[in-house]
Amino acid sequence: MGITAKELAKKMALSEAAVSMALNGKPGVSTETRRQVLETAEKYGYDFTKISGRNKGTKTICFALYRKHGAVVADTPFFSELSEGIQKTCKDEGYKLNIIYLYGDDTLEHQVEDIRYSDCAGLILLGTEMAAEDFAPFAHFNIPVVLLDVYLPDAKRDCVLINNIQGAYQATDHLITCTQKQPGYLKSSYSISNFEERADGFYKAVRTHGMSPSKCIVHKLAPSIEGAMADMLAWIQGGGELASCYFADNDLIAIGAMKALQKSGYRIPRDIAIIGFDNLPMGDYLEPSLTTIHVPKQYMGEMAARRLMDVLGAKRFVPVKLEISTNLVRRRSVSP
């Protein structure tokens with residue numbers, strides 16, 4: 001049997017009123033005291049269903065976008081399609097969806113506290129920019145958390161993400177097969193786990209074709225159209241060596257590099273072929289249109305919401321890692 005609020009107060013040498021305020025998210029205690037009470041309550045098995053707003057009648061799901069260095073932007077098709085998938089599942093199951101934005105700065109602790117003491121039944125956390133240490137403020141949540149677009153093994157939470165290695169391998173294999181050339185790599189200058197996994201897939205395909213990874217020309221570009229274009233133009237104008245074909249970490253980098261190459265007089269794909277990743281709608285309207293890897297973003301959102309609801313209704317919990325497969329979209333930036 002778990003600890004009671006009265007026993008918790010005695011164990012921590014606090015008043016019963018202070019413990020009650022901490023457990024129920026009411027003002028009157030410091031943030032540090034609230035944190036200690038919740039962690040101790042969890043440690044000794046306090047029954048949180050006794051708390052108002054955290055019982056089975058709670059019908060609000062939070063979808064949080066975590067931003068650290070700007071690689072994730074809210075007004076993109078990637079984010080909007082994820083949101084649509086989550087919204088659809090929540091609506092089908094009778095849950096209200098609350099979308100919030102979290103920033104990896106000195107305000108994060110207060111932002112996280114607001115979620116912990118709200119009526120949120122579960123959290124879907126878009127952790128594209130998260131590293132293992134960034135999850136620490138969420139580690140002691142007493143509500144279910146599903147990580148979206150990131151895998152953090154030590155978090156012991158459910159994760160729903162893209163099969164990045166598979167997608168990058170597909171892209172690079174197609175690029176090499178079509179061009180019969182050593183591929184270059186348009187690598188994001190921001191280090192996130194998705195891009196590191198795509199690098200693994202890229203080099204795996206290079207080795208599979210009997211090529212040396214050390215001979216691949218790599219450019220580190222900002223993961224945005226404007227930033228990638230500026231970085232690529234600087235490289236070209238500086239006389240840097242160029243590859244005959246490139247795999248890009250995402251479509252934004254691919255598009256920015258294409259614009260820089262075309263501005264410098266290179267023809268795509270005749271002179272240099274390029275393949276992206278994400279299948280953003282704008283890629284279909286370029287000249288030439290962008291060959292890329294399709295990610296079923298709405299389905300990812302649906303799966304994350306569905307998994308969260310499964311956990312909410314489960315009597316026991318074992319964390320799972322769900323990887324969503326990708327597929328190649330053939331267009332004209334790579335000659336067949």
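## V146 in strand 4

V146 sits in strand 4, residues 145-148. Strands (E, at least two residues) and helices (H or I, at least four) are DSSP runs, numbered from the N terminus. The model is predicted: local features need pLDDT of at least 70, side-chain atom pairs count only at pLDDT 80 or more, and totals for chains, interfaces and linings use all residues. Residues are numbered from 1 along each chain as its sequence is written, and side-chain values use heavy atoms, with hydrogens and water left out.

V146 has a relative accessible area of 1%, so V146 is buried. Buried means under 20% relative accessible area, exposed means over 50%, and partly exposed lies in between (1.4 Å probe, protein chains only). Leaving aside residues up to four places away in sequence, V146 touches L123, I124, L125, D158, V160, A304, R307 and L308. Contact here means heavy atoms within 4.5 Å. K181 is another matter: V146 and K181 are 35 residues apart in sequence and 41 Å apart in space, C-alpha to C-alpha.

## L126 in strand 3

L126 belongs to strand 3, residues 120-126. The relative accessible area of L126 is 0%, so this residue is buried. L126 and R307 are 181 residues apart in sequence. In space, their C-alpha atoms are 14 Å apart.

## The whole protein

The protein has 10 helices and 12 strands. Its C-alpha trace spans about 75 × 40 × 35 Å along the principal axes. Of the 336 residues, 50% are buried. Take the contacts between residues at least 6 apart in sequence: 70% of them join residues at least 24 apart.

## Helix 1 against helix 2

Helix 1 covers residues 5-12 and helix 2 covers residues 16-24. They pack at an angle of about 115°, with axes 9 Å apart. Axes are lines fitted to C-alpha atoms, for helices over the stretch in contact, and angles run from 0 to 180 degrees between N-to-C directions. Helix 1 and helix 2 are therefore roughly perpendicular. The classes are: under 35 degrees roughly parallel, over 145 roughly antiparallel, 65 to 115 roughly perpendicular, and the rest oblique.

A5, K6, L8 and A9 in helix 1 meet E16, V19 and L23 in helix 2. This contact has 5 nonpolar, no polar and 2 charged residues. Ala, Val, Leu, Ile, Met, Phe, Trp, Tyr, Cys and Pro count as nonpolar, Asp, Glu, Lys and Arg as charged, and the others, Gly among them, as polar.

## Helix 8 against helix 9

Helix 8 (residues 225-237) and helix 9 (residues 251-263) pack at about 40°, with their axes 7 Å apart. Helix 8 is therefore oblique to helix 9.

From helix 8, the contact takes in I225, A228, M229, M232, L233 and I236. They meet L252, I253, I255, G256, A257, K259, A260, L261 and K263 in helix 9. By class, there are 12 nonpolar, 1 polar and 2 charged residues in this contact.

## Cysteines

A disulfide is a covalent bond between the sulfur atoms of two cysteines. The cut-off used is a pair of cysteine sulfur atoms within 2.5 Å. A search of the whole structure finds 0 disulfides. C120 is in none; its nearest cysteine sulfur, that of C62, is 3.0 Å away. C120 has 1% relative accessibility, so it counts as buried.

For C245, the closest cysteine sulfur is in C216, 8.9 Å away, which is too far for a bond. C245 counts as buried, at 0% relative accessibility.
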